[in-house]
Amino acid sequence: MRLQLALNVQNLDRAIAFYSDMFATSVHKQRDGYANFEITHPPLKLVLFENANAPENLNHIGVECETVDEFSQTAARLTNSDIATSEVTQTGCCHAKQDKFWTTEPDGLSWEWYRILDDDPKDGTKNTNSSMAGCCDQQPKKASNPDQVCCA
């Protein structure tokens, strides 16, 4: 597993340059208003959402599970403990296709738990058919702009 930190940034190009220098790594994936880094040291998935009007820098925190077993065991443990706040679903959005669920800590911070199934969906757009509800629609509605809260 690795921790995911999703941040709201005012200027995506400026943020990409800063984080590329800070972590000595290049962007893994970039789309309009979105970029992510797969940082090895420290192990971190850094996700940037261009959202100039966000009231805070933190968008959400997540945990990427790298194996089916890791994800399944974690989902079962958190569901059995009544910590999971959403169903485990297979979802897709403009950034990735994934299995995911959400938890919300006592003060309201959302945590995304996910496993990537396809890191680069061919159409590059939110899939809205019934078997692949948009991931942003499944995120707890605590965020200031749910369209800016998504996935890997």
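Glu64 and Lys45 make a salt bridge, with 3.6 Å between the closest N and O atoms; the term here covers a side-chain nitrogen of Lys or Arg within 4 Å of a carboxyl oxygen of Asp or Glu. Glu64 sits in strand β5 (residues 58-64) and Lys45 in strand β4 (residues 44-50), so this contact ties together parts that are 19 residues apart in sequence. Strands (E, at least two residues) are DSSP runs, numbered from the N terminus. The model is a predicted one, where local features need pLDDT of at least 70 and side-chain atom pairs count only at pLDDT 80 or more, while totals for chains, interfaces and linings use all residues. Residues are numbered from 1 along each chain as its sequence is written, and side-chain values use heavy atoms, with hydrogens and water left out.

As for solvent, Lys45 comes out buried at 0% relative accessibility, and Glu64 is buried too, with a relative accessible area of 7%. Buried stands for under 20% relative accessible area, exposed for over 50%, and partly exposed for anything in between (1.4 Å probe, protein chains only).

Lys45 has another partner as well: a salt bridge joins Lys45 to Glu38, the closest N and O atoms lying 3.7 Å apart. Glu38 in turn pairs with Arg2, this time with the closest N and O atoms at 3.3 Å. Since Arg2 belongs to strand β1 (residues 2-9) and Glu38 to strand β3 (residues 34-39), the pair ties together parts that are 36 residues apart in sequence. Arg2 is buried, at a relative accessible area of 14%, whereas Glu38 is partly exposed, at 28%. Put together, Arg2, Glu38, Lys45 and Glu64 form a linked network of salt bridges. The count for the structure comes to 7 salt bridges. In general, side chains of opposite charge can pair when their charged atoms come close.

On the aromatic side, the structure has 5 pairs, counted when ring centres of Phe, Tyr and Trp (its six-membered ring) lie within 6.5 Å; planes under 30 degrees apart are called stacked, over 60 edge-to-face, and the rest tilted. Tyr34 and Phe49 have ring centres 5.6 Å apart and planes at 55°, so this pair is tilted. Tyr34 and Phe49 are both buried. Elsewhere in the list of ring contacts, Phe18, Tyr19 and Phe23 are linked into a cluster by ring pairs.

How values were computed: Helices (H or I, at least four residues) and strands (E, at least two) are DSSP runs, numbered from the N terminus.
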